Amino acid sequence: MPSLTARLVKLFSRRMIKRHNLSEQALVKHLRKAFNHPPGLTLLPRGVRLSRIETRGFTGDRIATATPERAILYIHGGAYMAGTTRTYHNLAGRLAKQLNAAVYLPSYPFAPEHPFPAAVNQCLDAYAWLLNEGFDPACISIGGDSAGGGLTLSTLLGARERDLPLPGRAFVFSPATDAHGRGPSMELNDHEDCMLSASMIRTAADVYVSAEHRDNPLASPCLGDYRGMPPLLILVDKSECLYSDAEAVRDKARQAGVDVTWIAREGLFHVWPIMVPWLPEARRDVDEVIRFVQEH
């Protein structure tokens with residue numbers, strides 16, 4: 001059974017975040033109100049420091065130990081139109097501490113002001129900047145959640161297109177991977193998903209990417225070629241509208257010979273791991289991510 005905290009989050013999300021049949025303009029306004037001003041405290045572990053970086057190649061936050069041995073590029077979610085790196089400071093702090101890592105949280109441009117491929121290009125520039133900082137690609141992991149999970153996969157595919165060395169590991173939470181919104185879970189889980197509705201996801205895709213670009217694997221990474229990609233960890237809850245998006249990438253990657261670690265939970269909600277340290281299930285599954293990264 002889900003924890004009391006998880007059940008409370010689900011009730012809150014259904015009331016405050018989930019909506020049906022909003023217009024594009026109304027959805028942008030709603031999600032920016034919901035995601036751009038996150039509640040809660042930042043609790044960084046001892047020995048972990050936060051700094052802001054603004055360079056030509058990278059704009060965002062760095063949360064790191066004094067002498068990091070690894071780097072993690074973590075791309076936040078927000079339906080491609082909202083979100084803030086501050087929401088992810090607790091998650092980044094835990095990853096940095098447990099992995100003796102520097103975690104980089106890039107800021108990227110939002111739709112509709114900056115539609116596809118602006119966000120993908122910014123994330124690719126951030127990864128290239130990280131390589132130029134001197135990190136061994138084998139010691140770099142890329143991760144992200146929801147739209148940021150889709151951008152994580154797009155960054156992997158785009159890095160290969162740019163002939164950049166690939167990272168050692170990648171992990172995604174509840175990734176958005178199909179700009180067409182075609183997965184069967186869209187309708188099957190529309191009522192059960194406590195945070196997102198099928199109409200929210202499809203309208204967000206309309207805001208983010210035009211119809212002529214939706215078959216581009218950088219917009220719909222479920223259509224990508226995953227041959228030669230690094231080991232991939234996917235976490236998703238079975239009640240999510242985006243469950244089929246995660247399944248599609250899992251199947252495509254496994255068919256390409258990628259080592260995929262698949263974790264499908266029950267009774268939770270969209271991108272629950274980012275709620276560490278408050279949520280017991282988040283603490284458990286962030287530990288799964290830590291073990292996965294440490295395997296390399």
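1. N21 is exposed, with a relative accessible area of 67%, where exposed means over 50% relative accessible area, buried under 20%, and partly exposed in between, all with a 1.4 Å probe and protein chains only. N21 sits in the loop between α1 and α2 (24-35), the helices here being DSSP runs of H or I with at least four residues and the strands runs of E with at least two, numbered from the N terminus. Although N21 is not a glycine, its phi is positive, at about 60°.

2. A word on the basis of these values: this is a predicted model, in which local features need pLDDT of at least 70 and side-chain atom pairs count only at pLDDT 80 or more, while totals for chains, interfaces and linings use all residues. Residues are numbered from 1 along each chain as its sequence is written, and side-chain values use heavy atoms, with hydrogens and water left out.

3. A79 also has a positive phi of about 60° without being a glycine, and it lies in the loop between β3 (70-75) and α3. With a relative accessibility of 18%, A79 counts as buried.

4. Two cis peptide bonds deserve a look. One joins A111 and P112, with omega about 5°, and P112 belongs to the loop between β4 (101-106) and α4 (118-132). Another joins V276 and P277, again with omega about 5°, and P277 is placed in the loop between β8 (260-265) and α9.

5. How many salt bridges does a search of the whole structure find? The search finds 16, a salt bridge being a side-chain nitrogen of Lys or Arg within 4 Å of a carboxyl oxygen of Asp or Glu. Among them, the side chains of R94 and D287 meet at 3.9 Å, N to O. Because R94 lies in helix α3 (residues 89-99) and D287 in helix α9 (residues 280-294), this pair ties together parts that are 193 residues apart in sequence. Both partners are partly exposed, R94 at 24% relative accessibility and D287 at 27%.

6. D206 and R214 form a salt bridge in which the closest N and O atoms are 2.7 Å apart. Here D206 is partly exposed, with a relative accessible area of 38%, whereas R214 counts as buried at 12%.

7. Within helix α9, E288 and R291 are three residues apart and therefore separated by about one helical turn; they form a salt bridge, with their closest N and O atoms 3.3 Å apart. E288 counts as partly exposed at 26% relative accessibility, and R291 does so at 43%. Elsewhere, salt bridges that share partners join R52, E54 and D61 into one network.

8. Helix α9 has 15 residues, which at 1.5 Å a residue should span 21 Å, and the distance of 21 Å between its end C-alpha atoms agrees; the expected span is taken as 1.5 Å times one less than the number of residues. The buried residues of α9 include E281, A282, D285 and V286, and V289, I290, F292 and V293 are buried there as well.

9. A nonpolar surface patch is formed by L4, L8 and L11, which together have about 330 Å² of accessible area. Such patches are made of residues with over 30% relative accessible area and no salt bridge, with nonpolar side chains (Val, Leu, Ile, Met, Phe, Trp, Tyr) joined within 5 Å and like charges within 9 Å, and the areas come from the Shrake-Rupley method with a 1.4 Å probe, only the protein chains shown counting as cover for residues. L11 lies in helix α1 (residues 4-16) and, at 62% relative accessibility, counts as exposed.
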